[in-house]
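Please keep the sequence and the structure at hand while you read.

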Amino acid sequence: MTKQSSLTLQIKTELPELAKGEAVAVCVFEGEPNLSNASGAVLKTVESVMRAGEFKGEDETSLLLHDAELRGALLLLGLGQHQTINTATLLRAAGTAARQARASRVKHLYFILPDINDRERIACAVAEGAVLGLYDGNFYQNREEPLPRLERLTLITTDASDALRAATERGRIIAESVNWTRALADEPGGTLPPIEFARRAAEMAEEFSLRVETLDADEIKARGMGGLWGVGKGSDNPPALIVVRYEPEGVEGVNEDDELWAFVGKGITFDTGGISIKHGLDMYEMKSDMAGGAAVLGALRAIAQLKLKRRVIGLVPSAENMPSGKAIKPGDVVKTLAGYTIEVVDTDAEGRLVLSDGLAYAKQLKASRIVDLATLTGSIIVALGSHRAGLFSNDDEWAKRVEEAAMRAGEPAWRMPVGDDYKKPIESAIADFKNYGGRPDATAAALLLSKFAGSTPWVHLDIAGTSWLDDARPFAPKGSTGAGVRTLVELVSES
Ligand code: BES
Ligand code: ZN
Ligand code: MN
């Protein structure tokens, strides 16, 4: 189920007098009230509140005030030190503003854009952050009295050019695709088996004129995708390989023989661990073990709308990892599409098995560069928490491009090593590789994937930590975050 926001976005060059049901949000920097771009009564209030020490402007803080002189409400948003502001800071602040405004039954929010460089980026991030902030995953709640909608967001800035309008529209398109991704990843495993996941992908593809093709269980077997089949065969819900293509027809400057980029996303619709079953605590979170796959689809959804100049193919190997009499057993060996054999030491290390076939298939389809996204390991959460994705690569130049795109998108990633000096955990006595061999597992998993990427420039983003929020934050509810969509869109936009 999806609920789309229908926030109206506007730009104005002056803040009008506020009416009932309206509020104005202003960004406040630590120790620097005059950077907010505010003037008149708003600036006066910001200065007096800061002088009194009631609000310091620290990152991720906010204060809602009812000001008699302003009539409507004033929302102060802390951005922290001026020098440390990045896209992520702005996205969070705008998200907080939209959520707080809605909670306070505000219908129309004015947002004074801060006076920091690159207006277009800021306008894009604020529109994006607001739409992201309005997401809720409570599709199954019978609410007696739903909150009234925040209907309108008006950005206040001295420049109301077409370029600025286009930037806010870009922010909205991207955020709506991130929210579409979140809705999929928040959907319970019971209502989103691989076939249904594929149906949702096809529905989206149709809406945005993308080409889509799904390989069913028979084809997966027939083509020799033993990794994907091995993981999927234990479930009553058969596996599927979803393939979505964006061919920028009619977009100037793109030729048929141009580079083809492949985005590959892990699509485990529920991960019980299989025969190596997980303990029950927090197992329900494994409904979002297809977050990487959903992010790949969400990115294509945005890329198609933005008509970006790059041929892109999205691949989502999807399966349900279940124990049963038909399930793969620890010690079994699978033969993958690439020809390599893998000993399945632990059936809970299933992501690398389905991705090995996803990567091999991307190469068969002649991808010249690859990025994969996966909720792959608990190990990356130990290393980086939920603040940064783990970035692994076989190509320094490609790694740098993805890392920089991630940073610009407000989804920072941290480069981790991958190389044969770490090969011990994937060495098998009976097969080419094994799928698990102890610590450090995030690196071992990445090293195994690198064998399937071969010499094609490849980046692997382990989003196990960044794709899920354990607790609600001021800018987001508990649950999936849509991590990776913005990075992929930014990466394709750059080219
Ligand atoms: N899907 C999990 C990784 C994961 C864990 C994602 C926590 C999000 C939150 C993956 O398939 C998995 O089960 N990994 C195991 C592998 C191990 C048992 C071999 C892990 O990391 O614990
Ligand atoms: Zn998994
Ligand atoms: Mn697992």
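At 8% relative accessibility, Glu-490 counts as buried, because the cut-off for that word is under 20%. The model shown here is predicted, and the structure holds 35 salt bridges, of which a few are described below. Side chains of opposite charge can pair when their charged atoms come close.

**Glu-490 and its partners**

- Glu-490 forms a salt bridge with Arg-121, in which the closest N and O atoms are 3.2 Å apart; this pair links distant parts of the chain, since Glu-490 lies in helix α13 (residues 485-494) and Arg-121 in helix α3 (residues 119-133), 369 residues apart.
- Glu-490 also forms a salt bridge with Arg-170, with the closest N and O atoms 3.3 Å apart, and here helix α13 is linked to helix α4 (residues 162-186), the two residues being 320 residues apart.
- Arg-121 is partly exposed, with a relative accessible area of 38%, and Arg-170 is likewise partly exposed, with a value of 22%.

**Arg-415 and Asp-396**

- A salt bridge joins the side chains of Arg-415 and Asp-396, at 3.0 Å from N to O, and it connects strand β16 (residues 413-415), which holds Arg-415, with helix α11 (residues 396-408), which holds Asp-396, the pair being 19 residues apart.
- Arg-415 counts as partly exposed at 32% relative accessibility, whereas Asp-396 is exposed, with a relative accessible area of 58%.

- Salt bridges that share partners join several residues into one network, among them Arg-121, Arg-170, Glu-259, Arg-369, Glu-490 and Glu-494.

Conventions
Residues numbered from 1 in each chain as written. Chains lettered and ligands numbered in written order. Predicted model: local features only at pLDDT ≥ 70, side-chain atom pairs only at ≥ 80, totals over all residues. Heavy atoms only, no water. Salt bridge = Lys/Arg side-chain N within 4 Å of Asp/Glu carboxyl O. Helix = DSSP H or I, 4+ residues; strand = E, 2+ residues; numbered from the N terminus. Buried < 20%, exposed > 50% of the residue type's maximum accessible area, 1.4 Å probe, protein only.
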